[in-house]
Amino acid sequence: MMRVLFKRALRDLKHNAARYAALLLLIIISIFVVFGMVGAANTIIKQTATKDEEANLEDGQFAVFEALSDERIKELEASGLIIEKSFSVEYDANGGDILRMFKIRQKNNLILLISGELPETKREAVLERRYAEDNDLEVGDSIDIGGENFTICGIGTTPDYNSVLRNMSDTVVDSEIFGTVFVTDEGYESMLQIASGVMAEEYLYSYRLGEGITDEDVYDLLSGETIEYMGQNIPNLTEFIPVEKNLRVDTASDDIEINRSAGIVAGIMLVVLFSYVISVFIVHSIDSDSEIIGALYSMGVSRKNLTASYVMVPVIVTFLGGLIGSLIGIFTPLGIEYQMQNCLNYYSCPKMDIQIPAYLYFYGLVMPPLVACVVNVLVIRKRLKRTPLSLLRNEQKAIKGRDINLGKLSFINKFRIRQQLREIRSGLTVVFGLFISLLVAMLGIYVYIYCDSVRDETASTTRYEYMYSLKYAPDAVPEGGYEAMAEPLTKPFMKYDFDVTLLGVTEDNPFFDIDKLSEAPDEVIASSSFVEKYRLEKGDSFSISGKNDGKSYSFKIADVVDYTPSMMLFADIDTVREVFDEPAGNYNVVYSDHELKNIDQNMLYSTLTRDDIVKNGRVFFDQMTDLIILLCSMSAAIFATVLYLMMKTMLDRSSFNIALVKIFGFRDKEIKKMYLDGNFVIIVGGVLLSLPITKLILDFIYPRFMVANVGIGLIPRFSPGLYLMIMAIVTILYLIINKALLGRIRRAVPAQVLKNRE
Amino acid sequence: MHVVINDLKKSYGEGGSFVQVLKGVNLSIKEGEMCVIQGTSGSGKSTLLNCIGGLDSIDSGSVKVAGNEIAGLKSDKLADYRRENLGFIFQFYNLVPNLNVRENIEVCKYLADEALDIDELLDVLGMREHASKFPSQLSGGQQQRCAIARALVKNPKLLLCDEPTGALDSKTSRDILMLLEEVNRKYNTTMIIVTHNNSIKNMVDHIIYIKDGLISKDYRNDNKIPAASLEDL
């Protein structure tokens, strides 16, 4: 008996090849997307932790104004710290780029080589991976650094520059123009002697905590030290960053954590979706085979054998879908590798071996057939509870809602409504599929609008051409420049502490769109990037801490100005000097609309040009383009597949009725109106329902989780045109599928259908 | 003549499964006639009905209904032909399950420019009180009455009935046949009834026997009796 039933199942597979192929495609897409997202995220998270340990990742770092003496370092080491100098100098390199040069580390943040070897001679260097990749540099190539020729002996990464931000306050990484380089002690010292850096040597130390000492203890040990500078005692500690607050460390795994969560949630939703699709199939199959089942059942074929025969094909198809999806996810460049590449193209990660968690294998290989089996068994058991006679007669339960009084509606409209009520299960599946695909699409669109806005608004709100950060300010402001006093502040968002600059400016500064500076010491004008990050408004009050002294300040937002490149608070320069005890006339930043030739280079801490800032703004967009395309195409594929499957099922279920109305003399166009066009109303309703819900979900998730580690705030704004575009794309997909299915209506031969029925 | 068929041939399948179902059928049916086509299973009577109804293509020959040739018409033209000329009644009623009685009738009313009044039809067929019921809430006889109403609403010139009493008990069968008789009288509708039932031939004007794809007998019934008097239904 089972052999015969098996044959029946195989013929069912052959007969419904298109339907099963679409189901297979849906499962392949679902599994491979989830495999890719979760597998890549898991690999990066797990491997980052392993590699951090391998490389002795620091527990924190601090920078000082004047280098610590050897004795002081020994004292600190005696307190239980493993300290290592991590001094650096930035040099012009490779024709206009900036490379930050370090000595080879011995204790903390060790180099993990990807290729080549560590340097042995003073003109050999290990180049950071991302910079090397973006500049097509390989081991054996030469590179000009600070006017000296270096041979690249190795390419590698260090865990303290997982995110190769030049400054902690930078919004994005741009590895085309900035990277790190590691040379021997001799090489580093010789460069100090003969080459001039673009800024002075930075005295930074990394530390690892020993037994019984905490970050707070280290801060306490360092924060009291002062040095004499320009006749004043100032704190020597300029920066103290425990590793968990370091925006350069482990950012890849922080960033991709959301992908893991999103992948798992997407996985669950997709399972629900394809379970529902399968249940629609099986209900249709059982209903159309009701008489056959009744005949077999009445002849004594067991419920178990019948169930096995109906479960077989969906289980095989879903297993194959899961297997193929998993294999694509693991072994092809479209899956885990692709998803990882998105991350590796931005973050400087070491070599990583793909690490797939056991639950992902369960998800890909066991769950699809298991879900198909469970759903099928439940549906079949329910159907087989009917008596053989009831099955033979194909008695159908009354459809809920079909007795709705439709009043004086026209015949066609009445018919459409009845048809939609009859197919309510398929309709709901389409709406659910639409919701999931719109969620994926909206994520892609969200990423696009965010990146596009960062790019455009960065360019439009940066009005100065040059920003000079000064170590020492000359008495007279360089001619053509506008002085400002920048005080570094910090404010937490989620688990990150972000740099916010309080900028004291003069009334005549033309580079910021400020109408009137407030004279009240507790009032500031906030940049849009600040208020949008912290969801504040004009008139709101907030507290913020001094980055160096940890003091808490409270400010009220007097006004908001458009400024995107970084988070800024603007106030009158004299007020800032007064609040932060700066001498009258002091300043530490100069803005200009042209290059200032009369600035003494020794006084400069750094120079930032508008081109650098605008280029930074573009990086997001360039990095995310592939992801946007992937998300939008996935979304379209899921929607089109679900829509095709459900519309085809609706048509199959109605095939007899269609044949019947054809016999009566209805034309194909009229039949299309009666049986297919009602779906458009369902789809439009689904879009109108799904769009605001998906937007609300993303409004909540995106700033909190997707870009929580980005140092600016920006609320993407959706134009009405965008909504219309989504509606147009959905309509086009619908029309294509509708057109394809219209062929089925045309091909239906009434006499054949009648004969089959009899 | 209302229906004229000349040398109609129809086959199915190819190679080993080739079957010549109709081998050259010739017949003519007058307007307003009630005609029965009888034959054993597989004789070709349903195929003949499908060819007259434009539901199936024909291999060769001619089928003229009301003077119009339907052989060789494209599917759109065939749809128009059915729309304008035909009503169908099936053995298994074939009502649309998610439409109630009135709505099932409306399906065909939509197709006619000068449709009959649905309420009047429901009265004639004794279905007025069941107008808002769905097919699954009706007995077999009531479903067939609904199917007849649906076929008649567009006032077709030709009514094709494929085993209209095949699924009914004898009392209900008699009721249905009386109805058909009344419809024929009232609307002068030409009717072709395909049936196994030997008694039905006694109430019609014209009897055709088909055997192995050919007409074996074709004669007019001069002694027809009312449906109410039929026995052994």
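Modeller: Strand 1 (residues 60-64) of chain A pairs with strand 13 of chain A in the antiparallel sense, over five bridges. Strands here are DSSP runs of E with at least two residues, helices are runs of H or I with at least four, and both are numbered from the N terminus; two strands pair if DSSP finds at least two bridges between them. Within this pair, A:Gly60 stands opposite A:Pro242 of strand 13 of chain A. The model is predicted: local features need pLDDT of at least 70 and side-chain atom pairs count only at pLDDT 80 or more, whereas totals for chains, interfaces and linings use all residues. Residues are numbered from 1 along each chain as its sequence is written, while chains are lettered from A and ligands numbered from 1 in the order in which they are written.

The pair belongs to an open sheet of four strands in chain A, in the order 2-10-1-13, with antiparallel pairing. Strand 2 (81-85) and strand 13 (237-242) of chain A are at the edges and have a single partner strand each, so one side of each is left without a neighbour in the sheet. From one strand to the next, the twist averages 20 degrees.

Helix 6 (residues 215-223) of chain A lies across strand 1, strand 2, strand 10 (203-209) and strand 13 of chain A, and runs at about 175 degrees to strand 13 of chain A. Such angles run from 0 to 180 degrees between N-to-C directions, with axes fitted as lines to C-alpha atoms, for helices over the stretch in contact; residues are in contact if their C-beta atoms, placed from the backbone, lie within 7 Å.

Technical notes. Contact = placed C-beta atoms within 7 Å.
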